[in-house]
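Let us walk through this structure step by step, beginning with the words needed to read it and then moving from single elements to the whole.

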Number of protein chains: 2
Amino acid sequence: MDKIARIDMGAAGGPTVTVEEVGEYAGLGGRALTSIFIAKEVHPLAHPLGAENKLVFAPGMLSGTTGSMTGRLSVGCKSPLTGTIKESNAGGQAAQVLARIGYAAVILEGKPAGDDLYKIIINKDGIQVIVDNSLKLLDNYPLVEKLRGEYGDKVAYITIGTAGERKLLAASIACTDPELRPTRHCGRGGVGAVMGAKRVKAIILDDAGMKMRAPKDPDKYRDANRKFVEGLRKHPVTGEGLPAYGTNVLTNVLNEAGGYPTYNFKTGQFAGSANISGEAQAELEVKRGGTATHGCHRGCVIQCSGIYNDKDGHYLTKQPEYETVWSHGGHCGIDDLDTIARLDFMDDNIGVDTIEMGVTIGVAMDAGIIEFGDKAGAIRLMDEVGKGTPLGRVLGCGAAITGKVFAVERVPVVKDQALPAYDPRAVQGIGVTYATTTQGADHTAGYAIATNILKVGGDVDPLKTEGQIELSRNLQIATAAIDSTGMCLFIAFAIMDQPETFQALLDMLGSFYGIEMTGDDVVALGKKVLSAERDFNKRAGFTKEHDRLPRFFYNEPVAPHNQTFMMKDEELDEVFNW
Amino acid sequence: MDKIARIDMGAAGGPTVTVEEVGEYAGLGGRALTSIFIAKEVHPLAHPLGAENKLVFAPGMLSGTTGSMTGRLSVGCKSPLTGTIKESNAGGQAAQVLARIGYAAVILEGKPAGDDLYKIIINKDGIQVIVDNSLKLLDNYPLVEKLRGEYGDKVAYITIGTAGERKLLAASIACTDPELRPTRHCGRGGVGAVMGAKRVKAIILDDAGMKMRAPKDPDKYRDANRKFVEGLRKHPVTGEGLPAYGTNVLTNVLNEAGGYPTYNFKTGQFAGSANISGEAQAELEVKRGGTATHGCHRGCVIQCSGIYNDKDGHYLTKQPEYETVWSHGGHCGIDDLDTIARLDFMDDNIGVDTIEMGVTIGVAMDAGIIEFGDKAGAIRLMDEVGKGTPLGRVLGCGAAITGKVFAVERVPVVKDQALPAYDPRAVQGIGVTYATTTQGADHTAGYAIATNILKVGGDVDPLKTEGQIELSRNLQIATAAIDSTGMCLFIAFAIMDQPETFQALLDMLGSFYGIEMTGDDVVALGKKVLSAERDFNKRAGFTKEHDRLPRFFYNEPVAPHNQTFMMKDEELDEVFNW
């Protein structure tokens with residue numbers, strides 16, 4: 001990981017590849033690299049789909065090593081959905097393979113003039129950019145199937161479906177899992193549309209002939225990794241809840257807490273929640289010959305994913321995540337797992353963010369396009385997205401655009417990105433994160449649910465304002481750092497509760513790079529990343545007035561707690577005042 | 001004009017009317033009243049289509065008097081198109097009639113819960129708000145026709161078509177002209193969508209039994225008005241060009257200057273311009289038994305409008321304005337007046353801004369939905385807007401939304417409002433206005449074309465940066481003041497060149513209100529209005545980064561001058577530093 005590849009898709013005679021030393025970005029990875037790079041190199045007022053935007057793929061600092069949980073790939077750009085800086089990361093095999101080939105970052109720049117579609121092959125011999133118009137208008141599953149025919153099963157694929165090719169603002173970038181299914185998505189912020197604007201349909205990563213990245217102190221690294229894995233295995237969330245039920249273990253938890261946004265955020269509990277809970281889902285998956293426990297990349301010890309088969313026992317989709325089950329489920333008044341799984345498959349195949357799409361369909365329901373609870377209608381709307389009809393394009397551009405086009409007043413977005421599966425009126429801490437994160441509404445950016453609801457890392461009452469600012473601030477800083485390591489964010493549950501597991505993480509970083517690594521260094525890294533992102537956003541015209549929730553969260557109390565979002569503007573403005 | 005009516009459309013038992021003394025808004029009119037009111041009373045982060053927004057109708061300071069040119073009605077709100085404060089004004093009879101009934105402002109507040117549609121009748125006896133669901137989904141022409149059957153021809157009508165009812169973001173508010181045609185529109189910023197959100201389809205203004213508003217010094221007022229009219233009649237623009245050819249006299253002028261944006265701002269001259277010039281238009285109008293000289297309200301001495309008949313001699317539409325001929329014409333590569341007139345009629349009937357719609361169709365052409373120059377295609381797209389199909393809703397939400405949904409990079413908008421008919425690369429001064437006005441791209445906000453191209457009020461080279469900031473600043477200040485008087489902005493040509501005509505305007509204001517009025521007072525009024533607007537926008541999250549043109553104006557030189565927009569960011573930031 002000592003080099004950076006710049007691929008100029010807009011070069012006059014066709015795409016060119018330049019490989020540079022990693023230079024000033026040395027030692028950075030993941031979100032730290034993408035955000036510091038974008039903040040430095042992209043004009044903050046650039047059109048996100050124009051030649052001035054850049055798309056950066058960066059494995060994490062520990063990706064491509066023998067360390068567990070290090071499979072996250074960060075993708076960075078100016079977001080066409082939010083207009084902010086964007087880092088979106090995914091699991092799957094891509095980060096490990098790209099890191100082992102030796103790239104700290106691969107950067108797509110410029111924009112081709114014509115209509116040709118490209119694929120990029122990256123292996124030990126270098127980088128090839130090849131026109132392949134036979135890939136046009138393929139969705140992710142058939143696209144990967146076609147590429148496997150050519151490049152086989154020992155590589156990792158990064159692809160966009162038709163949504164990305166059409167530059168829809170909710171388009172995602174898919175990474176294949178160990179079984180080469182395009183199920184792990186950089187979902188948020190429309191990064192797939194930027195890849196589509198660069199006219200790159202697929203990146204094929206082949207690490208044949210390359211080795212694991214070597215730590216400076218291999219013994220210490222091995223030892224630290226062992227302790228780290230022990231910590232993950234003994235924590236109730238990462239060692240029990242997530243492996244057994246996946247992220248969807250949260251449906252019952254949030255519904256019970258009255259923070260499960262239902263019917264487009266009209267109430268905080270869903271009568272049909274038991275039908276779509278993680279418990280029900282895991283049982284069904286196992287019964288149908290799938291599995292409720294599966295890792296998205298080799299080296300994962302949490303195994304929060306699964307395989308969801310249809311009623312005939314055929315693979316339908318990967319285990320839908322909690323946020324997907326929510327967005328297509330309770331948010332839309334749908335309590336049928338098969339419908340939700342079908343929509344999850346369509347999202348992955350077309351290549352759109354499951355959160356954005358589900359929220360958008362709920363907004364469309366509020367507009368009266370279909371009724372809440374209309375299962376066939378929801379699938380029909382996703383079909384429109386896949387076909388790229390005018391209605392499909394609107395929906396594929398997300399909740400904010402759909403709300404404008406169909407004149408819906410209650411649109412749950414911050415910075416034009418859809419709110420995820422936790423009502424900020426019932427969980428005030430997550431509202432602070434939604435409002436203030438540099439990314440547009442995003443639960444992962446500072447997952448206050450951990451401490452507000454799951455009581456991990458302490459206990460802050462979700463219904464009160466006290467302590468929420470500090471909680472969100474600390475989580476946002478820690479997350480920015482974790483997103484830079486290549487580590488899956490779910491390690492946070494263990495490191496927040498177990499000092500020895502946090503120390504093991506520090507030791508992994510320290511022994512790999514041959515440096516002393518302390519908790520303060522992690523905090524400093526997180527602050528550095530957030531500062532770069534905030535600086536970009538400021539230059540793009542974002543102010544404290546954008547760090548607010550939509551008005552209806554302040555005006556409409558939500559059952560069962562009958563509370564509004566109570567954080568004061570002046571409190572929100574303190575989040576980054578560290 | 002000593003009272004203000006507040007109509008609470010959202011009151012629990014149905015709409016309520018409260019009439020107050022004019023109070024703190026005394027002496028204000030038009031834009032001064034609407035903007036100061038909105039800045040004070042509307043939450044800057046309110047949803048524009050929600051109950052928190054307010055819609056203010058305010059005649060100008062001199063409306064309803066015997067003074068010439070005083071027929072402008074200002075409508076103010078938070079704009080659903082731009083998110084900024086918005087003042088949009090129109091001619092027609094409404095301002096005069098409303099002023100004579102005695103209202104300085106009529107304000108629609110709140111939002112009804114149900115689906116009922118309302119009409120409001122305002123006369124000497126008071127204000128009635130009546131449910132009338134028979135008006136549902138009528139467009140402006142049939143709507144006014146229906147209302148005339150009930151309320152006759154001696155009233156003025158303010159209406160919205162289906163676009164406003166559907167809350168499309170480009171929806172306008174129509175005011176009837178002396179012949180009761182709904183041809184004079186508060187076009188910009190989607191004010192019609194706000195009226196639609198209030199569920200008010202029509203306002204019927206009846207001044208029977210009311211008198212002209214009386215000046216404090218009638219003799220001086222009469223004398224000043226006489227001098228004022230003399231000045232207008234002797235100026236070449238207001239006394240010759242506009243009466244003879246209407247605003248479309250500019251087609252040849254701008255094309256010659258290389259500042260006529262063609263094919264969605266790809267070049268600055270249009271081969272077909274002669275076919276759609278004001279000269280060609282006036283000739284055709286007269287030949288077909290229409291007229292090229294017509295006033296939009298009684299008391300107009302410029303008479304810049306006209307009547308455009310179809311080839312069989314039947315009324316088709318009012319004389320399309322220059323900006324309309326451009327947006328539906330050269331911008332879309334269409335050089336056929338009958339097509340443009342048909343589109344103008346459709347805009348007025350459906351109730352959408354002609355500038356926004358034409359620019360949007362050009363953007364749709366750039367997206368490949370139809371070809372540039374496709375006359376039938378353009379009409380077909382407008383049909384979709386009228387029917388409210390998904391595609392029609394997208395288009396009816398304007399150029400920015402259409403650009404996002406169809407992934408067009410070159411979208412000529414500032415603050416999400418479409419640029420009008422003057423290329424800012426060939427006329428740098430108008431670019432300063434587009435970028436910095438509080439209203440989103442708007443030529444009327446500081447019409448630098450006057451001095452850059454027409455050489456009115458001085459001579460500032462349109463191709464150079466020198467003097468443009470001061471020019472735009474002074475024009476924006478003067479315009480904010482004129483928009484408050486009820487005077488048509490076209491008086492500016494005469495008062496900029498003729499000190500005695502400017503003095504006559506000051507004397508009209510002074511003698512009417514019984515005060516001393518100086519040029520400094522006008523400047524102070526303009527600054528006060530702009531300051532209120534800027535303050536609102538700031539609290540709504542707008543920064544200097546929003547006071548910029550889209551990037552392609554900086555990156556793509558335009559023929560024939562092969563220049564980009566050259567004003568520096570730091571220069572733009574000086575516009576309001578007075």
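Helices (H or I, at least four residues) and strands (E, at least two) are DSSP runs, numbered from the N terminus. The structure is a predicted model, in which local features need pLDDT of at least 70 and side-chain atom pairs count only at pLDDT 80 or more, while totals for chains, interfaces and linings use all residues. Residues are numbered from 1 along each chain as its sequence is written, chains are lettered from A and ligands numbered from 1 in the order in which they are written, and side-chain values use heavy atoms, with hydrogens and water left out.

With these words in hand, we can turn to one residue, Tyr308(B), which belongs to strand S14 (residues 305-309) of chain B. Tyr308(B) has a relative accessible area of 1%, and it therefore counts as buried, a term that means under 20% relative accessible area, with exposed meaning over 50% and partly exposed in between (1.4 Å probe, protein chains only). The side chain of Tyr308(B) also makes a polar contact, at 2.6 Å, with the side chain of Asp338(B); such a contact is a pair of N or O atoms within 3.5 Å, where within protein one must be able to donate a hydrogen and the other to accept it, and residues adjacent in sequence count only if both atoms are side-chain atoms.

Chain B also holds an open sheet of 6 strands in the order S8-S7-S12-S9-S10-S11, with mixed pairing, where two strands pair if DSSP finds at least two bridges between them. The edge strands, each pairing on one side only, are S8 (126-131) and S11 (184-186) of chain B. Strand S7 (residues 118-123) of chain B pairs with S8(B) in the antiparallel sense over 6 bridges, and Ile122(B) has Ile127(B) in S8(B) as its bridge partner.

In chain A, we can look at helix H18 (residues 468-485), whose 18 residues should span 26 Å at 1.5 Å a residue, which agrees with its end C-alpha atoms being 26 Å apart; the expected span is 1.5 Å times one less than the number of residues. Because 15 of its 18 residues are buried, H18(A) is largely enclosed by the rest of the structure. After H18(A) comes Gly486(A), whose phi is positive, near 90°.

Finally, how are the two chains related? Chain B can be laid on chain A with an RMSD of 0.0 Å by a turn of 180° and a shift of 0.0 Å along the axis, where copies are superposed by least squares on the C-alpha atoms of residues with pLDDT of at least 70 in both. The two copies are thus related as by a two-fold rotation axis.
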